[in-house]
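Dear colleague,

I am passing on the structure that we spoke about, and it is placed just below. My notes on what was found in it follow after that.

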Number of protein chains: 2
Amino acid sequence: MTETACHKKEIMAIHDTMDVLGGKWKISIISTMCYYNHRRFSDILTNLNGISNKQLSKELKELEQNKLIKRTVLDTQPISVQYNLTEYGWSLQNLIHDLAEWGIKHRQVIIAGE
Amino acid sequence: MTETACHKKEIMAIHDTMDVLGGKWKISIISTMCYYNHRRFSDILTNLNGISNKQLSKELKELEQNKLIKRTVLDTQPISVQYNLTEYGWSLQNLIHDLAEWGIKHRQVIIAGE
């Protein structure tokens with residue numbers, strides 16, 4: 001087995017992960033459900049600065065197609081829609097915590113370097 | 001403290017992380033250096049399917065600006081350039097392993113669902 005072949009599986013797997021979760025918003029959206037369990041559309045808009053209605057709808061639809069989140073229509077007045085992670089979506093929990101931890105350290109590094 | 005305020009720091013940190021590492025290629029590029037220690041430009045092109053010369057140059061420059069990788073010019077014939085992770089870049093190692101692990105499971109889920 002060549003050196004390149006050794007880790008090809010892992011490198012491809014990382015690329016697959018980023019295909020599903022990459023982009024500016026997906027991981028952030030998942031993290032809101034990870035931290036708060038369930039979220040309405042307007043909650044997510046509040047949690048994430050700068051995302052538009054249209055963008056959020058698009059991202060939620062893609063996450064639902066990838067079976068990472070579940071959309072539930074609630075019988076409220078007016079009707080509201082709630083999102084939560086599927087069991088599969090919850091498999092991202094460790095990753096979410098690692099990303100948060102790294103981001104917090106990264107901010108300290110940036111501030112220290114300014 | 002409101003419910004929203006509780007996890008605002010973590011959610012912002014995740015967004016920060018994705019700002020630095022998001023996009024189609026950055027994490028994959030970092031992972032090649034994480035798995036193989038040091039890489040030449042042409043090694044990375046071989047490791048990653050589909051990235052162009054121009055795109056790779058751009059991504060490497062941004063990773064260097066963010067102090068995650070180090071560029072070393074080697075006194076070879078012809079001169080070659082080698083990249084490796086900085087100490088700061090190595091702080092992503094756990095994250096890289098988590099991403100690979102999740103990607104491998106994700107592929108199994110996708111194959112099982114087909």
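The buried residues of helix H3 of chain A are Lys26(A), Ile27(A), Ser28(A), Ile29(A), Ile30(A), Ser31(A), Thr32(A), Met33(A), Cys34(A), Tyr35(A) and Tyr36(A), where buried means under 20% relative accessible area, exposed over 50% and partly exposed in between, with a 1.4 Å probe and protein chains only. Because 11 of the 11 residues of H3(A), residues 26-36, are buried, this helix is largely enclosed by the rest of the structure. Helices (H or I, at least four residues) and strands (E, at least two) are DSSP runs, numbered from the N terminus. In chain B, helix H3 (residues 26-36) is mostly covered, with 11 of its 11 residues buried.

Please keep in mind that this is a predicted model, in which local features need pLDDT of at least 70 and side-chain atom pairs count only at pLDDT 80 or more, while totals for chains, interfaces and linings use all residues. Residues are numbered from 1 along each chain as its sequence is written, chains are lettered from A and ligands numbered from 1 in the order in which they are written, and side-chain values use heavy atoms, with hydrogens and water left out.

Some backbone details come next. Just after H3(A), Asn37(A) takes a positive phi of about 75° although it is not a glycine; this residue sits in the loop between H3 and strand S1 (38-40) of chain A and is partly exposed, with a relative accessible area of 44%. H3(B) is likewise followed by Asn37(B), whose phi is positive, near 75°. Lys67(A), in the loop between helix H5 (53-65) and S2 of chain A, also has a positive phi, near 60°, and is exposed, with a relative accessible area of 58%. Most residues other than glycine have a negative phi, and most peptide bonds are trans. The peptide bond from Gln77(A) to Pro78(A) is cis, with omega near -10°, and Pro78(A) is in the loop between strand S2 (69-74) and strand S3 (80-85) of chain A. In chain B, a cis peptide bond joins Gln77(B) and Pro78(B), with omega about -10°.

As for how the chains meet, 47 residues of chain A are in contact with 49 residues of chain B, contact being heavy atoms within 4.5 Å. The area buried between them is about 4600 Å², of which carbon and sulfur atoms give 65%; buried area is the accessible area (1.4 Å probe) that two parts lose on being put together, summed over both. In chain A, Ile11(A), Ile14(A) and Trp102(A) lose the most area to chain B, together 16% of what that side buries. Leu68(A) touches residues that include Val20(A), Leu21(A) and, from the other chain, Trp102(B), not counting residues up to four places away in sequence.

Finally, the largest cavity is lined by Met18(A), Ile27(A), Leu95(A), Leu99(A), Met18(B), Ile27(B) and Leu99(B). On a 1 Å grid over the protein atoms alone, a cavity is a set of points where a 1.4 Å probe fits but cannot get out, and lining residues have an atom within 4 Å of a point. About 40 Å³ of space lies in this cavity, a volume being the space filled by probe spheres set on the points, which are joined across faces, edges and corners.

With best wishes

Definitions and conventions
1 Å grid on protein atoms, 1.4 Å probe; cavity = no way out; pocket = protein on both sides within 12 Å on 5 of 7 lines; lining within 4 Å.
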